[in-house]
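I opened this notebook to keep track of what I looked up, one entry at a time. Here is the structure I was working from.

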Amino acid sequence: MLDPALELIARGALALLLGAGAIGKARDLAAFRAAIEGYELLPPRAAGAAAFTFTACEALLAAALLAPASLGVRALALLGAAALFVAYGVAIAINLARGRREIECGCGGAAAHVPLSGWLVARNVALVAAALACLGGATDRSLGAVDAITVAGGIALLALLWIALHGLLAWSAAIERMQEDV
């Protein structure tokens with residue numbers, strides 16, 4: 001069992017990540033479909049349905065992660081998020097094993113072009129671990145004003161770290177492409 005503030009930080013950060021991912025994918029569903037096609041794991045005619053399904057799943061999971069515990073959907077949402085991150089990680093790992101590093105991960109929306117790498121697999125392992133850690137719930141401790149500040153700051157810090165890491169991965173890929181062109 002986690003401290004309730006840590007559980008809220010992890011669950012809130014996962015919800016923010018999934019919600020932002022769903023919005024980014026929904027804004028450019030065609031680009032996400034192209035990324036899915038690039039993985040070459042599904043028949044091309046299934047890519048559109050998969051793009052819609054993954055986007056809808058991310059949105060629903062984000063909302064369910066923020067649902068009150070009394071609704072009983074939180075554990076299912078955490079398992080669903082872990083399963084989604086496993087699926088994404090396995091798809092990346094399969095393509096890395098095939099030597100296909102040049103394809104876009106499809107995780108950053110239209111603005112970020114991040115090719116596949118071992119870092120993305122490690123990132124997904126960390127996300128699975130965070131979701132599963134929250135499954136145990138939180139200890140029974142009341143939260144106060146300091147906890148509210150801690151939770152908000154923790155989620156903001158994790159969001160900024162996520163943005164920075166994703167930006168570094170995109171920049172690293174851009175630098176590699178420029179060096180290849182020289």
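**Entry 1: Arg100 and its partner**

I began with Arg100, which counts as buried at 15% relative accessibility. Since I was looking at a predicted model, I kept that in mind for every value below. I then checked where the two partners sit: Glu40 is in the loop between α2 and α3, Arg100 is in the loop between α4 and α5, and so the pair ties together parts 60 residues apart in sequence. I also noted a network in which Asp3, Arg141 and Asp147 are joined by salt bridges that share partners.

**Entry 2: Glu40 again**

I stayed with Glu40 to look at its backbone. What is its phi? I found a value near 55°, positive although the residue is not glycine. That made me jot down a reminder: most residues other than glycine have a negative phi. For the boundaries of this loop, I wrote down α2 as 29–39 and α3 as 47–65.

**Entry 3: salt bridges within helices**

How many salt bridges does the structure hold? I get six. As a reminder to myself, side chains of opposite charge can pair when their charged atoms come close.

I looked at Arg11 and Glu7 next, and their closest N and O atoms are 2.7 Å apart in a salt bridge. Both residues belong to helix α1, which covers residues 4–27, and they are four residues apart, about one turn of the helix. Are they buried or exposed? Arg11 is buried, and Glu7 is buried too.

Then I turned to Glu37 and Arg33, whose side chains meet in a salt bridge at 3.0 Å, N to O. These two are in helix α2, and because they are four residues apart there, about one helical turn separates them. I noted Glu37 as partly exposed, with a relative accessible area of 34%. For Arg33 I also have partly exposed, at 34%.

**Entry 4: Asn95**

I moved on to Asn95 in helix α4. How buried is Asn95? Its relative accessible area is 0%, so I filed it as buried. Leaving aside neighbours within four places in sequence, I listed its contacts as Gly38, Tyr39, Leu41, Arg100, Ile103 and Leu116.

Tyr88 is another residue I looked up in helix α4. It is buried, with a relative accessible area of 18%, and the cut-off for that label is under 20%. Beyond its neighbours within four places in sequence, Tyr88 is in contact with Lys25, Phe54, Glu58 and Asn124. I checked Val121 as well, which is 33 residues from Tyr88 along the chain, with the C-alpha atoms 8.3 Å apart.

While on the subject of rings, I noted that the structure holds one aromatic pair.

**Entry 5: Ser117**

Where does Ser117 lie? I placed it in the loop between α4 (74–97) and α5 (118–135). Ser117 is buried, with a relative accessible area of 15%. Not counting residues up to four places away in sequence, it touches Ile92, Leu96, Arg101 and Leu169.

**Entry 6: the surface**

Which residues make the nonpolar surface patch of about 360 Å²? I wrote down Leu41, Leu42, Val86, Val90 and Ile94. I picked out Val86, in helix α4, and it counts as partly exposed at 41% relative accessibility.

My last stop was Ala133 in helix α5. Ala133 is partly exposed, with a relative accessible area of 38%.

Technical notes:
Residues numbered from 1 in each chain as written. Predicted model: local features only at pLDDT ≥ 70, side-chain atom pairs only at ≥ 80, totals over all residues. Heavy atoms only, no water. Buried < 20%, exposed > 50% of the residue type's maximum accessible area, 1.4 Å probe, protein only. Contact = heavy atoms within 4.5 Å. Phe/Tyr/Trp six-rings, centres within 6.5 Å; stacked < 30°, edge-to-face > 60°. Patch = residues over 30% accessible without salt bridge, like charges linked within 9 Å, V, L, I, M, F, W, Y side chains within 5 Å. Areas by Shrake-Rupley, 256 points an atom, 1.4 Å probe, with all protein chains shown as cover. Salt bridge = Lys/Arg side-chain N within 4 Å of Asp/Glu carboxyl O.
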